[in-house]
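Let's take a friendly walk through the inside of a protein. Have the sequence and the 3D view ready, and follow along from one stop to the next.

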Amino acid sequence: MNRVYSRHTFQSLNQQDSQEFHQLDLMICTQSTMLLSFSKNAESAHKMFVEMSERNLVTWNSVINGFLLNGRVNESLTLYREMVEEGVEPDGFTLVSLLTACAELGALALGKRVHSYMFKVGLAENLHAANALLDLYAKTGNIVEAQKVFGEMKENSVVSWTALIVGLAMNGFGVEAINLFKELERKRLTPSEITFVGVLYACSHCGMVDEGFTYFKRMKEEFGIEPRIEHHGCMVDLLGRSGLVQQAYEYILNMPLQPNAVIWRTLLGACTIHKHSDLAEVARAQLIQLEPKHSGDYVLLSNLYASERRWLDVSKVRKTMLEQGVQKSPGHSLVELGNRVYQFTMGDTSHPQSEDIYAKLIEITKLLRLEGYVPHVANVLADIEEEEKETALSYHSEKIAIAFMLINAPSGAPITVVKNLRVCADCHLAIKLISKVYNREIVVRDRSRFHHFKEGSCTCKDYW
């Protein structure tokens with residue numbers, strides 16, 4: 001952003017006297033300092049912004065993007081509203097930040113309003129903003145709109161192709177992602193290393209093992225792209241998800257790069273899904289050395305022990321977590337309704353409609369049982385009675401969010417849920433049946449992919 005502002009300044013230099021140029025130069029330095037400060041302390045940088053005697057579009061963009069880069073998405077949206085209230089017109093950079101924030105929150109309705117604004121002010125053809133818009137639709141599960149944006153762009157950069165390839169893969173359309181990559185090749189465009197991450201991701205999440213290794217080989221030999229840790233991670237995931245857990249472990253041992261925590265965590269996740277206790281212990285031992293405080297690793301191991309009814313080992317894992325001061329990240333689900341984003345946690349009773357929501361959950365459970373639903377209680381982390389486990393499963397955050405939307409959203413309207421953790425087997429089964437019983441299309445974005453539920457089926461084909 002500063003480079004763009006500086007270029008504009010130098011183009012106008014002949015019209016400025018030396019004093020005016022000096023003032024502009026000071027402003028540019030101040031903006032650069034503010035951006036640098038954001039990388040160290042967001043609060044101090046924001047204070048600097050508030051105390052500035054003059055603020056223009058560039059400074060607003062800087063502080064909005066600064067909050068976004070620090071993971072403070074809501075604050076970036078609040079600042080955008082303040083900017084508009086002060087009469088500052090957003091530009092392409094602003095819209096990129098705004099669309100990125102919407103994508104992170106899953107705020108599709110707000111993103112659509114930004115889309116309309118882009119047409120209104122003539123920014124629809126801005127390549128960076130269009131790419132951000134494409135990414136928004138892909139990350140909110142609206143892959144048809146993402147494809148439409150891609151098709152309407154006058155120029156498709158490699159970034160555009162990559163965004164759609166990754167979007168298709170994340171939404172469970174692996175074959176379509178691979179076909180799009182083939183089309184990219186036919187146009188003689190050069191894929192980037194990130195493009196191949198998307199291709200390998202598509203193969204991984206669709207169980208296309210042979211195809212994945214073929215593309216991995218081509219990436220190196222045809223395109224001269226040296227595999228990075230992300231590419232190796234996709235290959236470990238490809239093998240692990242397909243049940244080839246031992247081969248995934250051997251792949252890690254033979255990697256030319258030092259495996260990081262993500263690699264070992266991927267193996268641990270595969271061990272949990274496919275019940276490989278011995279290799280899970282090996283992966284956990286490595287993770288203790290690399291990231292001993294990561295709560296997700298304890299949860300994965302505890303899930304494995306619970307599924308095998310090894311309650312003593314479950315207890316030991318919990319004790320270790322307490323001793324090490326490790327806290328489990330609480331699961332939550334986000335839904336958007338009426339230009340507001342609502343957050344629900346497991347057993348949440350904070351919403352004014354809680355009584356109606358839990359009544360709806362009881363109704364849902366009764367209707368699902370008529371469809372043959374049997375709760376999947378294997379991974380409930382407690383040695384308790386089956387009935388208590390079923391009750392615990394009923395109160396998972398995504399089920400509460402869906403019940404809320406069934407009560408409040410227009411009849412037949414699609415429901416989109418954004419969840420911060422991996423959707424569990426029971427919720428996945430239940431949501432498939434909910435989509436059938438209530439005739440609703442339901443999209444759930446968990447921490448790794450999208451699930452599109454419709455008429456009792458999911459695009460992941462129960463492979464996630």
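Two residues are in contact here when heavy atoms of theirs lie within 4.5 Å. Keep in mind that you are looking at a predicted model. Start at Leu 164: setting aside its neighbours within four places in sequence, Leu 164 is in contact with Leu 134, Ile 143, Ala 146, Gln 147, Phe 150 and Leu 180.

Now zoom out. In soluble globular proteins, nonpolar side chains tend to be buried together. The largest nonpolar core in this model has 96 residues, and Leu 134, Leu 164 and Leu 267 have the most contacts inside it. Helix H8 (residues 127–139) gives the most to this core, contributing eight residues. Apart from it lies another core of 32 residues, including Tyr 358, Ile 400, Cys 427 and Ile 434.

Next, look for the rings. The model has eight aromatic pairs. In one of them, the ring centres of Tyr 249 and Trp 264 are 6.4 Å apart and the planes meet at 55 degrees, so the pair is tilted. Tyr 249 belongs to helix H15 (residues 245–253) and Trp 264 to helix H16 (residues 261–274), so the pair ties together parts that are 15 residues apart in sequence. Tyr 249 counts as buried because its relative accessibility is 18%, under the 20% cut-off. Trp 264 is buried too, at 6%.

Another tilted pair joins Phe 344 and Phe 404, with 5.2 Å from centre to centre and 50 degrees between the planes. This pair links strand S2 (residues 340–345) with helix H22 (residues 397–408), and its two residues are 60 apart. Both Phe 344 and Phe 404 are buried.

Notes
Residues are numbered from 1 along each chain as its sequence is written. This is a predicted model: local features need pLDDT of at least 70, side-chain atom pairs count only at pLDDT 80 or more; totals for chains, interfaces and linings use all residues. Side-chain values use heavy atoms; hydrogens and water are left out. A nonpolar core is a set of buried Ala, Val, Leu, Ile, Met, Phe, Trp, Tyr and Cys residues joined through side-chain atoms within 4.5 Å. Buried means under 20% relative accessible area, exposed over 50%, partly exposed in between (1.4 Å probe, protein chains only). Helices (H or I, at least four residues) and strands (E, at least two) are DSSP runs, numbered from the N terminus. Rings of Phe, Tyr and Trp (its six-membered ring) pair if their centres lie within 6.5 Å; planes under 30 degrees apart count as stacked, over 60 as edge-to-face and the rest as tilted.
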